[in-house]
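Visitor: I would like to learn how to read a few features of a model like this one. Could you take me through them one at a time?

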Amino acid sequence: MAHLSIRGARKAYGATIALSRGDFDLKEGEVHVLIGSNGSGKSTLCKIVAGSVRPDAGEVLINGKPVSIDGPRAARGLGIATFYQELSLAAHRTVAENIGLPELPAKGGIFVDRDRLKAVAERYISRFADVAGKGFSADTRVEHLREDQRQLVEIMKTLATEAPILIFDEPTSSLDRSQVERFFDVLRELKAQGRGIVFISHRMDEIFAIGDRVTVIRDGETVATSLISQTDPSAIIRQMVGEQGELAAADGAPPAAAAESSETVLAVTGLGGRGFANVSFEVGRGEIVGFGGLHGQGQSAVLRSIFGVSPASQGTIRLKGEERTIRSPREAIRNGLAYVSGDRGRDGVVHGRPILENVTPIHFLRNKLSVVRPGSLRERAAKPLSALKTRFAGYDQPVNALSGGNQQKIVIARWLIDRPDVLLLDDPTKGIDLQAKADLFALIRSLAAEGMGIVLYSSEDAELLANADRILVFNGGSVSRELKGADRTRYNLYHAAYEAA
Amino acid sequence: MSVETAGRAGVSRFSAGALVRQPLVIALVLIVALLALGEMLSPGFASPQQILRLLIVAALLGIVAAGQNLVILGGREGIDLSVGGVVSLSAILAGNVMNGSDAGILPAILACLAVGALFGTFNGIGVTLLRIPPLVMTLGMLGVLQGLLVVIRQGVPSGRAAPALAEFVTRPFLLGLPGIIWLWLLIGVAMAFLLRRTVFGYRVYAIGSNEQAAMLAGVPVRLIRILLFTLSGAFAALAGLCLIGYAGTSFANVGELYMLPSIIAVVLGGTPLSGGKGGYTGTMAGAVLLVILQSILTTINIDESGRQMIFGLTLLVLMMFYGRGRAMRA
Amino acid sequence: MSASETTAASRSGIAGLVERFPFLPALVILIVLLALNGWFQPNSLGFRAITGLISTYLALMMLAVAQTYVVYSGDVDLSVGAILSLVNCAIVVLMERWGGGGGAVLAACAVGILTGLACGLLNGVVVAVLRLQAIVATFATSILFTGMALYVLPVAGTPAPTVYWRTYGGRFFEIPFVFYVVAALAIVLAIAVRARLTTQMLAVGDDAFKAFQSGLPVTAIRLKGYVLCGLFSALAALCITGDTASGDPLVGGAMTLYSVAAVVLGGTALSGGRGSVGGSVLGALIIGLISSFVFYVGTPSQWQNLVQGLAILLALMLGILVTRRVRA
């Protein structure tokens, strides 16, 4: 079997440094956990080994010999197989075809050996057959599968390579408990066979259940490696957030819950739709309401439905006391709502375009403008941009030249030229640096103090605890608990999030 | 999507974005070089009269390419294959409405623009509301237009340009330049204004670059896209009108000569087919470049086959400078 | 994840069928058109009429197949018509030059096929290796190929040897030659569906980057698609030479866009990732049947093109809408 090491791996995308120093070591027969907050560089590190990202510097050694990984195919040749977080499945192909895709078994070198393909697929499907759920078979097309089932296919696809080195980048994010346990059974077998396994997950319990060693990565740097048996969750969290993070969290003493008595700006009753049901809550003027819970429990879906992206099928939305039907983001904006997505690449940034174009669309809409006056636009944009401490060279600079945090500040600033009544934040700090986070939350708190109603969904508990007046914990598409006042503790949040999971 | 993947997409777009201004430079340099080459091969090629003639031809192509440019900027595989049909239809319509009389010019302009805009709007509706891919929709529309041409023409060329129109297109109008060149320059200024100084223009880039983000920022994506196709139809119709002024009478499927060249002009001008970046100034240069290239090939003494081969190869070489797709591995 | 709750078991019915056989909507349109043709002109369903239809549209069928192989992986080839023209001219000229005998015909056909492969290879290099945009790059190569066709045969009119078109239009054992070709094509396509390359091309069309991450040699796969496209374009040229019995450097000009239309009519998504070559063959036949239907219902001659154009546009829209409705 094989022993993998990475020395000083580095990767920058323009101004964004995704990985500044990656050192990693994987022995045979171990599960080595890689952990770090979103955007800390885990995936980049994995993709360098997987061959799909070209490192700027550093080397990869297998059994002590430096190797060059020119692409995913080369990686496969070196005995490395990767589970991609965003999955690498062909939606219109069947489960069996996807499992066998990297090395389709051939008859006569030309034709697909259907029987062998099916046999291989069945071998891996059978391992998960009783936990895969309804409608999962070798002939099903991946497009018809649920998210968890797709994740299982990607797992099987990775396993089917029988590679000595296996990298799993968040393989369990959509799996239920029984599926995870089955997966872990398989991992333990592989470990016993002497394979080396890299495992990435955000779930502390999983890490302690399956890991042998853990490497923490923070802000693009691998900071420490320890034996799982000699560490504990709080030590790992300390390494993940670092000194600075601890300070920031302590710093952000939540504002007094003065919001209680104030006017309600947003009231949602019995909201239901795809991915959530029966969600009710109110946001007062000047209040920050947090959405917590594990990732993907309906928090984003609720926010997006309030904003009219995919309107809810049930329930009512009241804005400043008046009931509104919001069928599109356009209507939402006209009604004084604002929405910032954490997936700025997909939902926020107008790529390759100047900052001025990125910061102005909402202003155009709310003021029904038709002609652009760059001079006055610059003036108007300057205030929110400087309030966010945005660093940029000029309004004509393409937005992609900025770092992730500054890009997100541009996207947020577009909503603040004309003040909205309610700001919906959908995990807004995903993948941005600590300083940008601090700037952002400082602004959010001052916006609340000025009377804006804010809904903040964050996948990082510390952000919620430090900023939200109340926290609604989501579980399986509805609110399972509300944490107020002194109940807002890390323990309670963690506990509520895992209650039903 | 984590920051890693976001960064990946973002940066490759940025580096391509930095090149946006370059295609214009490349095109201008090539234009000068080709003019010099033409003058060497055939003295008189770069004479003022010759250049004027080239510019008239380029203006016709450039006007079609204006609409094509807008549709392509709007992204989502935006492309308009029906422009050729609209040019032909508009030419024949204008010829018949004017029938050689100056009084018919205004009705001809109105009729042509209305018909062009109408067909463009049909395309836009098919592409947005029915979600037919633009290539398929405009290809189907091209077939309809070609059929319509046969009906109108009934097999014989018909219609004549009004004298004033012919004069406008071919004779000096102001400062020694024919009217059509002034018209083209006006369109150039108007397009620059539209794209850089209007909310509509900002929105075109937004939907072309990131439709999802544009939608979340309240841009009426479908309306904008329909309008782009409407404008494309109208520009093609305008070109058809000018074309009959240039040629005097319309002949069979004259517009087909503009279909793919209009796309090439846009690409050579630095607007990639993926949309969201580029602009019309480059496209104008692209149109001039294309026309000069064709013209050089007609002046040198080789037969049609050699000309076409050189033209095709030259286009391939030119494209190497522009809009190459990005490598899989970043 | 629109179909998240639908299970494979419940996806029987029409949806499941269309998914497994993407050409089904095309087949229905085809049958309806056949019925309509038969209704208006019973002779149109006769042996002679069908033979005529097939010998006229066999070239487009081949060309549609050619186009499908690049569309599978999300590409497009606007030079198929020009390749067809080039090969048509090349073989006609070679057959004449080599004496027009049986051996000359076969040798010329072999050269024609090699020419098609070479053209496809060039397209593949330009699009897959050099990463130029497929639409404009293959348009440029189409100009190049047209120029070469004009070089080989400056003016239309050189006749193909008698033995060639007699064979194409003739019969063996009372069965028209073109039927054998159709049968052979059907067999080849049925086998090709099982090829590893087909699955790989479709996976690339689904999402090229994910296919790359899966370790597929994406560039090589797309390149092979273009080479196949060149091959079938050359075969289309052999057919059109049999049908027109002469060389014409511009014969394929209008056929490129019809090949794209046929592919779409056949239920193949232009964005890549799903479809079938069989559907494209049906799509080509639909285009043929539409024009004969327009003729049979007695449309005045000058209206025929318009009605045909409208009918094709309608069929294109209908096909896309039905397929989407069913799949949703």
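Visitor: Which residues make up helix 8 of chain C, and how far does this helix reach?

Guide: Helices (H or I, at least four residues) and strands (E, at least two) are DSSP runs, numbered from the N terminus. The expected span of a helix is 1.5 Å times one less than its number of residues. Helix 8 of chain C, residues 177-192, has 16 residues and reaches 22 Å from first to last C-alpha, close to the expected 22 Å. Before we go on: this is a predicted model, in which local features need pLDDT of at least 70 and side-chain atom pairs count only at pLDDT 80 or more, while totals for chains, interfaces and linings use all residues. Residues are numbered from 1 along each chain as its sequence is written, and chains are lettered from A and ligands numbered from 1 in the order in which they are written.

Visitor: Which residues of helix 8 of chain C are buried?

Guide: A residue is buried if 20 or more other C-beta atoms lie within 10 Å of its own, exposed if 12 or fewer, and partly exposed in between, with C-beta atoms placed from the backbone. In helix 8 of chain C, the buried ones are C:Val178, C:Val181 and C:Leu185. They sit on the same side of helix 8 of chain C because they cover an arc of only 50 degrees around the axis, the arc being that of the directions from the helix axis to the C-beta atoms. The face turned away from that buried side carries exposed residues, among them C:Ala183, C:Ile187 and C:Ile191.

Visitor: What do the buried residues of helix 8 of chain C pack against?

Guide: Two residues are in contact if their C-beta atoms, placed from the backbone, lie within 7 Å. Here the partners are helix 3 (47-71) and strand 2 (175-176) of chain C.

Visitor: Now a sheet, please. In what order do the six strands of the open sheet in chain A lie?

Guide: Strands of a sheet pair through backbone hydrogen bonds, either parallel or antiparallel. Two strands count as paired if DSSP finds at least two bridges between them. The order in chain A is 18-19-20-15-21-22, with mixed pairing. Strand 18 (337-341) and strand 22 (478-484) of chain A are the edges, each pairing on one side only.

Visitor: Where does strand 15 of chain A find its partners, and is it buried or exposed?

Guide: Strand 15 of chain A pairs in the parallel sense with strand 20 of chain A over four bridges, and A:Gly290 stands opposite A:Leu456. Four bridges also join strand 15 to strand 21 of chain A, again parallel, with A:Phe291 opposite A:Leu472. Five of the five residues of strand 15 of chain A are buried, so this strand is largely enclosed by the rest of the structure. Strand 21 of chain A (residues 470-475) is joined to strand 22 by six bridges, running antiparallel.

Visitor: And how many residues of chain B are in contact with chain C?

Guide: 42 residues of chain B are in contact with 41 residues of chain C. Helix 14 (304-321) of chain B gives the most to the side of chain B that touches chain C, with 13 residues. The residues on that side of chain B divide into 25 nonpolar, 13 polar and four charged. Ala, Val, Leu, Ile, Met, Phe, Trp, Tyr, Cys and Pro count as nonpolar, Asp, Glu, Lys and Arg as charged, and the others, Gly among them, as polar.
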